Amino acid sequence: MNYAETLGAKAKAAEKAMRCASTEEKNNALKEIAEALKQNTEEILAANESDLVDAEKNGMSAAMQDRLRLTEDRIKGISAGIMDVIKLDDPVGAMDGGSLRPNGMRITKIRVPLGTIGIIFESRPNVTVDAAVLCLKAGNTVILRGGKEAYHSNKCLCEVMRSAIERTGLPADAVQFVDDTTREVTSQLMKCSDYLDVLIPRGGAGLIRAVKENATVPVIETGVGNCHVFIDETADPDMAVNIIDNGKTQRPSVCNAVESLLVHENIAEKVLPLVKARLDEHNVEIRGCEKTAAILGNCVIPATEEDYATEFLDYIISVKVVKDISEAISHISVFSTGHSECIVTNSLANAERFKNEIDAAAVYVNASTRFTDGGMFGLGAEIGISTQKLHARGPMGLRELTSMKYLIDGNGQIR
């Protein structure tokens, strides 16, 4: 039995206790975790500082360091998020349909935990807590494999959570941490089909591609967000600028940040200088088409096809001036990763067309793509943003971490 299988066996051994745990028992464990995070803030920040020191030595970008960084306020925010999850309805046991058959059998469909979930993720230590908390509330066990850049933070957070869970009487092995970040162990986890019921990669395009290509465990694809905003000719310029600024600069290292801007040619000369002036406040690099350069000048770096396909996760944006909404939709259809897409418009017809024709998990009219988030959607925390169509799409909350089971009650029926 290899390392990943050993973790898997421990998770399976804890499955029954989690599957049968009451809502009260699970919520008590979450309360204990929330309190433990606050009580161990100094220890957590010290572990995070070790990761930040290594990140700077290794030349990690400022945006990615921000993604990695924990602060006292962020830990308080994580703890508050746990309390929000406690308030959410427990999906386990909820009836999802049923029928009374002509032969007298009563069939009921109920929600049940997925089982044991493996999560491979990068950079953001808050994911460690979000993932564990959601899996616990939905009655699952979870194996967490974070990136080496957040190793000390993730290990400390998991130790705090495991101790908290154990204090409430639930098994500590409901949450396990992969202590070995080598590729060999990651590969073992991808092929741990005897123990894992589903594997969720959360990170950049390279990570997700590697998991999809190598895993023998069922995979839910999340995370890659080449998100667009299209400024229609009827758009309110001030609204468009605010949405672009928020989507690109509020937190550029996350998957719902804006990476590409499309502008209708009839409004481009008016709105692009306004966009540039706002983005200049954050030193955002603009990579644009010839028409963009003609309007904004030499500050524009000529954009390539690769630029339009790139999730930058940095203070960089690709820009293209388009003839009309048809060209905008065609461009998005080619380069979108199916995450979040936005139109800024005052045309009801164009808004409806955009919503109907764009194939993405979240389609916005006159609102920032930064809202594609479990908390913002009222789901509490999230396990990630699914960009596929089976079995979940968009922010994955508690319900998406469950499956179905049919219960059949009879009185001697045979076929």
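The largest nonpolar core holds 51 residues, and those with the most contacts inside it are I33, L37, I82, I119, L144, I383 and L401. Such a core is a set of buried Ala, Val, Leu, Ile, Met, Phe, Trp, Tyr and Cys residues joined through side-chain atoms within 4.5 Å; buried means under 20% relative accessible area, exposed over 50%, and partly exposed in between, with a 1.4 Å probe and protein chains only. This is a predicted model, in which local features need pLDDT of at least 70 and side-chain atom pairs count only at pLDDT 80 or more, while totals for chains, interfaces and linings use all residues. Residues are numbered from 1 along each chain as its sequence is written, and side-chain values use heavy atoms, leaving out hydrogens and water.

Take I82 as a way in: leaving aside neighbours within four places in sequence, I82 is in contact (heavy atoms within 4.5 Å) with L30, I33, A34, L37, V129 and V133. A second, separate core of 30 residues includes L272, V275, I286 and C342.

After α7 comes G169, with a positive phi near 95°.

Finally, look at M376, in the loop between β13 (362–365) and β14 (385–386). M376 counts as exposed because its relative accessibility is 53%.

Note on methods
Helices (H or I, at least four residues) and strands (E, at least two) are DSSP runs, numbered from the N terminus.
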